Amino acid sequence: MAVNLVNLEAVSKAYTLRTLLDGVSLGVSEGDRIGVVGRNGDGKTTLIRTLAKQEPVDSGRVTHAGGLRLGVLTQHDSLDPAATVRHEVVGDLADHEWAGNARVRDIITGLFGGLDLPGFEHGMDTVIGPLSGGERRRVALAQLLIAEQDLIILDEPTNHLDVEGIAWLAGHLRARRSALVCVTHDRWFLDQVCTRMWDVQRGVVHEYEGGYSDYVFARAERERIAATEEAKRQNLVRKELAWLRRGAPARTSKPRFRIEAANALIANEPPPRDAAELTRFANSRLGKTVFDLEDVTVQAGPKVLLRHLTWQLGPGDRIGLVGVNGAGKTSLLRALAVAVSSDGEQQPTAGRITVGRTVRLAYLSQEVAELDPAWRVLEAVEQVRGRVDLGKGRELTASQLCERFGFGKEKQWTPVGDLSGGERRRLQLLRLLMDEPNVLFLDEPTNDLDIETLTQLEDLLDGWPGSLVVISHDRYFIERTTDRVLALLGDGTLRMLPRGIDEYLERRARQRDATATAPPATPAPAATASAPAKPAAVSRAAQKELQRIERQLDKLGEREGTLHAAMAEHATDFTRVAELDGELRALTEQKDELELRWLELAEGQ
């Protein structure tokens with residue numbers, strides 16, 4: 001029988017006039033892996049601080065098992081700024097002691113990319129004080145994971161980790177014996193790690209079995225049965241559930257929700273996006289050209305990040321951009337944004353970027369734009385525009401869009417200076433969308449946003465007719481909002497990944513293995529080189545053909561969807577169905593040939 005580690009009995013906690021916990025009774029037992037979700041400000045952090053006895057309660061009781069070994073990662077670390085990384089992470093252990101421990105090696109490699117801490121100027125002997133917030137965060141997480149605990153409590157552990165780091169952390173936590181309570185907005189991470197969910201809403205904590213996918217289903221079912229008045233939120237939950245069921249299989253290792261019930265709930269729910277219709281609308285708004293890059297070199301100071309890049313971003317393209325830190329993701333978007341702002345006059349170091357004449361770009365950067373702190377929320381939005389056209393006859397006022405982004409009627413009159421970091425981020429995104437762009441660049445848009453706001457944003461983007469590029473470490477958001485994934489692997493090239501982020505992680509793993517096993521490089525005499533370097537012209541020609549094949553595959557995919565719809569429409573006309581089936585078979589063969597050619601070219605790059 002599992003031992004109870006922590007108990008909350010009728011716990012209440014309030015700040016000024018706001019109650020965050022209202023008579024909450026919960027327990028954490030050995031082996032529990034609990035994910036905590038809820039809107040910003042509803043009490044998630046207060047709940048876990050109460051669990052850890054870091055926050056006194058107004059009423060009720062919090063009890064810990066005797067001798068409980070507890071590890072807590074908060075959003076503000078307590079690292080000594082004068083100490084070194086070595087002292088904070090491995091203490092006084094000699095190098096041969098900690099480096100000889102497979103578990104410690106795995107943690108340091110997983111969080112820092114190698115035992116020599118690449119990116120830290122003096123490796124393990126780097127002083128904590130000058131480190132960035134993200135670097136300090138990883139040091140604090142390593143310090144916690146290396147210790148032995150019965151219970152780990154983590155507040156936003158995936159912040160400042162890249163896709164690889166998040167995947168490693170998920171695997172590590174699954175393999176640990178410690179119980180876990182985790183607050184995070186990373187829905188993929190919740191599905192991978194958690195077996196129970198706590199949903200904090202207006203002082204009450206609702207419990208659900210399973211990971212995030214199961215929680216979405218159970219919440220939709222609970223709201224349907226209760227016939228709540230939150231119809232808008234219920235529709236969004238159903239839409240997300242439909243995407244989860246129709247999307248990548250096996251999102252959880254053992255799907256626990258009832259498949260028949262889930263299918264019944266989404267029986268009449270259409271796919272999140274009508275790709276063909278959005279592409280037609282995007283073509284009408286953007287024309288044939290959005291961005292056309294020819295033999296482009298992108299630099300950040302003296303460092304060359306991308307070489308001889310030939311690529312097209314077309315009307316209606318929805319691209320997820322992933323890659324190692326420092327590979328040039330943000331620099332690429334900035335180069336495109338500069339080309340727009342200068343009307344094509346300001347060009348990169350080498351090559352040329354052609355910008356479509358009708359491009360209206362909105363760029364959400366990682367920095368939150370400063371707004372007049374005296375402005376009210378609604379005023380800040382109406383400064384841009386009073387109404388916004390979402391396409392397909394949908395139009396929203398500034399106030400209605402504010403509500404969809406979590407700014408209720410009362411909150412719309414809050415001064416900007418009183419908003420939290422997450423709320424300012426929401427407001428910045430809202431102002432961008434109000435300007436009716438037809439090209440949208442989102443650089444880490446999920447930072448500081450809660451899950452409900454992310455769901456609202458995904459719903460808006462589903463019907464948004466334009467070209468979209470997303471940089472994010474939030475794997476769920478990329479898979480949910482984009483159609484293709486491109487990767488920067490740190491070798492100066494941009495590659496399309498047909499299998500998405502799974503393929504990216506596999507490629508990165510092969511890169512690390514090759515680096516670890518490769519013998520030291522010895523320069524060979526030029527006369528004895530085994531093979532001549534590939535001419536740049538050949539490489540550029542291959543890149544052009546890759547781009548052409550990708551465009552053809554997109555068109556064939558649209559035609560495939562049209563054929564399936566036609567077959568459903570003429571289901572009783574067997575002659576017509578036979579004709580359509582013949583066309584579909586021919587199209588499938590053509591796609592197979594193109595994909596084979598694409599793989600040949602990609603492997604040769």
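This is a predicted model: local features need pLDDT of at least 70, side-chain atom pairs count only at pLDDT 80 or more; totals for chains, interfaces and linings use all residues.
Trainee: What percentage of the 605 residues in the chain is buried?
Mentor: A residue is buried under 20% relative accessible area, exposed over 50% and partly exposed in between, using a 1.4 Å probe and protein chains only. By that cut-off, the buried share of the 605 residues is 51%.

Trainee: Among contacts between residues at least 6 apart in sequence, what percentage joins residues at least 24 apart?
Mentor: A contact means heavy atoms within 4.5 Å. Counted that way, the share joining residues at least 24 apart is 69%.

Trainee: Let's turn to the sheets. In what order do the strands of the three-stranded open sheet run?
Mentor: Two strands pair if DSSP finds at least two bridges between them. Strand 1 (residues 4–15) runs antiparallel to strand 2 and is joined to it by eight bridges, while strand 1 and strand 4 pair in the antiparallel sense over five bridges. The edge strands, each pairing on one side only, are strand 2 (18–29) and strand 4 (59–64). The order of this antiparallel sheet is therefore 2-1-4.

Trainee: Which residue in strand 4 is the bridge partner of Val-6?
Mentor: On the strand 2 side, Ala-14 stands opposite Thr-19 and Tyr-15 stands opposite Arg-18. On the strand 4 side, the bridge partner of Val-6 is His-64.

Trainee: Which helix packs on that sheet, touching strand 1, strand 2 and strand 4?
Mentor: Angles here run from 0 to 180 degrees between N-to-C directions, with axes fitted to C-alpha atoms, for helices over the stretch in contact. The direction of the packing helix makes about 130° with that of strand 1. Covering residues 44–51, this is helix 1.

Trainee: In what order do the strands of the six-stranded open sheet run?
Mentor: The pairing in this sheet is mixed. Its edge strands, strand 14 (361–364) and strand 20 (494–497), each pair on one side only. Neighbouring strands are turned by 20° against each other on average, direction ignored. The order is 14-17-18-12-19-20.

Trainee: What angle does the direction of helix 15 make with that of strand 14?
Mentor: Strand 14 pairs with strand 17 (residues 439–443) in the parallel sense over four bridges, and the partner of Leu-361 in strand 17 is Val-439. Helix 15 (residues 421–434) packs on the sheet and touches both of these strands. The angle between helix 15 and strand 14 is about 175°.

Trainee: Why is Gln-428 classed as buried?
Mentor: Gln-428 lies in helix 15. Gln-428 counts as buried because its relative accessible area is 10%.

Trainee: Which residue in the turn between strand 8 and strand 9 has a positive phi?
Mentor: Strand 8 (residues 196–201) and strand 9 (residues 204–209) pair in the antiparallel sense over six bridges, and Trp-198 has Glu-207 as its bridge partner. The two strands form a hairpin with two residues between them. The turn residue with a positive phi, about 50°, is Arg-202.

Trainee: Last one: which helix gives the largest share of the lining of the second largest pocket?
Mentor: A pocket is an open set of points on a 1 Å grid over the protein atoms alone, where a 1.4 Å probe fits, with protein on both sides within 12 Å along at least five of seven lines; lining residues have an atom within 4 Å of a point. This pocket is lined by 23 residues, and those nearest its centre include Phe-112 and Arg-508. Helix 4 (102–112), helix 5 (133–146), helix 6 (163–175) and helix 18 (500–517) each give two or more residues to the lining. The largest share, five residues, comes from helix 4.

Note on methods: Residues are numbered from 1 along each chain as its sequence is written. Side-chain values use heavy atoms; hydrogens and water are left out.
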